[in-house]
Amino acid sequence: MSLKAKYNFLHLFYWFTGCCINGFIAVFLQSKGLSNTEIGIVTGGSCVATIFLSPFMSSLISKIKGMTIKKLMTFLMLTTVLLYIAMAFLPIPAFLVMIFYVIMYALNMSTVPMLTMIAMNYINEGTYVNFGLARGIGSASWATSALIFGQAVSFLGANILSIAYCVFALVTLFILYHLPESKITKTKTEEVQEEGSVVTVIKKYKIFFFLLLGFCFMFSGATAIGTYLINIVKSLGGNTSLYGVAMFAMAFSELPVMMTVPKLMKKFNSVTLILVASIFYICRNYTIGLAPNLIVLIIGMMFQGLSYGLFTGVITYYVTYNLDTQDQMSGQTMIGIMTSGIGSTLGNVLGGILQDTIGLNALFTFVYLMTALGAVIIFICKFVSIKVKK
């Protein structure tokens, strides 16, 4: 099997595991008796932990002799397996479930930049890997698993998610260990640690930072929708099965967009593509918030590909082509910090509190404001980038 095929399969099964944790957060935690506010605290706390844990975990590759991305991902995923199984099948109190989920979610999110860097290291050493295609396949696997798990949870209960995670995590690690070790990870790690801190990246690449800041705000709105989507679906007369259908529509729309990102970047400026993605973020979030029925809701979810899918694919390649080699690991980590860290924290915590104190409409108002603010920042970045070129 070729390197490209192996990397594609890695994404296929990795994002199966991601859906088990991220795609059904509210469903799983509600099954354990947690309120919207408590779910917001858990997911928000997880995202805050990610802000600090993700760069720390990435730095361990250069700090610990003999440590590799493979070894670190193995440790993180196996720890996650133990925590998920414990929450699902041991009679532990609600506060302990909250603590375990915070740790589990943060560990899981810390592996995302590592998965990306595997591809970027191959590309930097001259071995072409189509990250857009692989990530698109991951989105398709997320979509498929969302549809399947939506039905499975309806019949078997939320604990089935922990078993599924265990199975797919083991398959993911099996594929990971059949990938060849990148030469760059062996020769460049000390340079990355010395010169490639997150603070350094922020100072050196101002446009990159503000693009991520805009993405952060738009992502916070999208996260608020995604985490509490089950409540939105139920408010429109749906159930867990229809929740799975909505998740499928959302994730599957990413595949064709992410597959074409490398070609789009050859024809269009990357900041222009990011601006286009921000426009579609407005279409996505506003359509979902204003949806009068489930059909319109699903249509809104299908803008996911042209918003999140396009943005994620472009910003990932942006790091590879615009940041120095020693800054790229920190650049990929920053993407996770600004989105899964800060953005998700805003969306999860405020989204849960607003629902429990004011109602679902307050959640939508928050989404509208965050999305608009993010889009304005992206527009300014585009204007500044044009002025800089002139």
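In this predicted model, N285 touches M218, G221, A222, I225, V367, Y368 and T371, leaving out residues up to four places away in sequence.

**N285 and its surroundings**

- N285 has its place in helix α16 (residues 270–290), and with a relative accessibility of 0% this asparagine counts as buried, because buried means under 20%.
- Besides the contacts named at the outset, the side chain of N285 is joined to the side chain of R284 by a polar contact of 2.7 Å.

**G347 in helix α19**

- G347 lies in helix α19, which covers residues 328–357, and at 0% relative accessibility G347 also counts as buried.
- When neighbours within four places in sequence are left aside, G347 is in contact with S220, A224, Y228 and F366.
- Between the C-alpha atoms of G347 and L363, which are 16 residues apart along the chain, the separation is 9.0 Å.

**The largest nonpolar core**

- In soluble globular proteins, nonpolar side chains tend to be buried together.
- The largest nonpolar core of this model has 130 residues, and those with the most contacts inside it are Y7, Y84, Y101, F208 and L229.
- Helix α12 gives the most to this core, with 12 residues, and the core draws at least three residues from each of domain 1 (3–178) and domain 2 (199–389).
- F208, one of the residues with the most contacts inside the core, touches V201, I315, Y318, V319, L323, G331, M334 and I335, again not counting residues up to four places away in sequence.

**Aromatic rings**

- A search of the whole structure finds 22 aromatic pairs, among them F24 and F149, whose rings are edge-to-face at 6.3 Å centre to centre with 75 degrees between the planes.
- Because F24 lies in the loop between α1 (3–23) and α2 (25–31) while F149 lies in helix α7 (residues 131–156), this pair ties together parts that are 125 residues apart in sequence.
- Both partners are buried, F24 with a relative accessible area of 0% and F149 with a relative accessibility of 7%.
- The rings of F215 and F219 have their centres 5.9 Å apart and their planes at 75 degrees, so this pair is edge-to-face, given that planes over 60 degrees apart count as such.
- F215 and F219 both lie in helix α12 (residues 206–227), where they are four residues apart, about one turn of the helix.
- F215 is buried with a relative accessible area of 2%, and F219, at 13% relative accessibility, counts as buried too.
- F215 and F219 belong to one aromatic cluster together with Y281, Y308 and F311.
- A charged residue also meets a ring in this model, since R135 lies over the face of W15 at 4.0 Å from the ring centre.

Notes
Residues are numbered from 1 along each chain as its sequence is written. This is a predicted model: local features need pLDDT of at least 70, side-chain atom pairs count only at pLDDT 80 or more; totals for chains, interfaces and linings use all residues. Side-chain values use heavy atoms; hydrogens and water are left out. Rings of Phe, Tyr and Trp (its six-membered ring) pair if their centres lie within 6.5 Å; planes under 30 degrees apart count as stacked, over 60 as edge-to-face and the rest as tilted. Helices (H or I, at least four residues) and strands (E, at least two) are DSSP runs, numbered from the N terminus. Buried means under 20% relative accessible area, exposed over 50%, partly exposed in between (1.4 Å probe, protein chains only). A charge sits over a ring if NZ of Lys or CZ of Arg is within 6 Å of the ring centre and within 35 degrees of the ring normal. A nonpolar core is a set of buried Ala, Val, Leu, Ile, Met, Phe, Trp, Tyr and Cys residues joined through side-chain atoms within 4.5 Å. Domain bounds come from an automatic or database domain assignment. Contact means heavy atoms within 4.5 Å. A polar contact is a pair of N or O atoms within 3.5 Å; within protein, one must be able to donate a hydrogen and the other to accept it, and residues adjacent in sequence count only if both atoms are side-chain atoms.
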